[in-house]
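Here's a quick tour for anyone meeting this structure for the first time. Have a look at it below, then read on.

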Amino acid sequence: MNRDLIGYLLGLIIFIIGIPFVMYLSSGSPNLGEIGLIQLLILLILAIVGIGLSIWSIVYMKNVGGGNPFDAFNHEVAPRTDSLMTDGPYGICRNPMLLGVFIYHIGVLMALLSVGALIVFIIEIIIMNVQVKKEEQRLMNDFGKDYEEYVKDSNRFLPKLRF
């Protein structure tokens, strides 16, 4: 199987299906009828925005960076990027793909309104911070001064306010 495809499938299984499913289970597996219409609408809007941002980032990474996003704790699961990306979605923040995932998962959290889902989300953020810090070390080795400048001019996950 193509290594790019493996990376995309793993991302889909973990971030689009898996973590929301764990959030759902940790919420006591509520019936759809137990979730309010406004909550479902918020989930739909945040899912569209978040998944859309993630897809834009993946396509951009493939077309401009020449690689695939799935890199697990310094283990190359799919081909890594061969050029530093600082514009397009990467002009928003250094990890727009994860920002998109987090936006989507906030929608899931808002739909479920449970402490269990919140705990899963907090654990996800902690784990992804550890993963991203490892990835940043690799990017510093790969792209040196250019990456160092990018780090100074951008935030890890949140858009940088520019005045």
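In which helix is K62 found? K62 sits in helix α2. This is a predicted model, where local features need pLDDT of at least 70 and side-chain atom pairs count only at pLDDT 80 or more, while totals for chains, interfaces and linings use all residues. Residues are numbered from 1 along each chain as its sequence is written, and side-chain values use heavy atoms, leaving out hydrogens and water.

K62 is partly exposed, with a relative accessible area of 36% (buried means under 20%, exposed over 50%, partly exposed in between, with a 1.4 Å probe and protein chains only). Its C-alpha atom is separated by 9.5 Å from that of R80, 18 residues apart along the chain.

Helix α2 (residues 37–65) packs with helix α3 (residues 96–112) at an angle of about 165°, so the two are roughly antiparallel (angles over 145 degrees count as that). Their axes are 7 Å apart.

Now for salt bridges (a side-chain nitrogen of Lys or Arg within 4 Å of a carboxyl oxygen of Asp or Glu). The count comes to 6, including these:

| Pair | N to O distance |
|---|---|
| D142 and R138 | 2.8 Å |
| E148 and K152 | 3.9 Å |
| K152 and E149 | 3.7 Å |

Salt bridges that share partners join K145, E148, E149 and K152 into one network. In helix α4 (residues 115–152), D142 and R138 are 4 residues apart, which means about one helical turn. R138 is buried at 11% relative accessible area, whereas D142 is partly exposed at 43%.

Conventions
Axes are lines fitted to C-alpha atoms, for helices over the stretch in contact, and angles run from 0 to 180 degrees between N-to-C directions. Angles under 35 degrees count as roughly parallel, over 145 as roughly antiparallel, 65 to 115 as roughly perpendicular and the rest as oblique.
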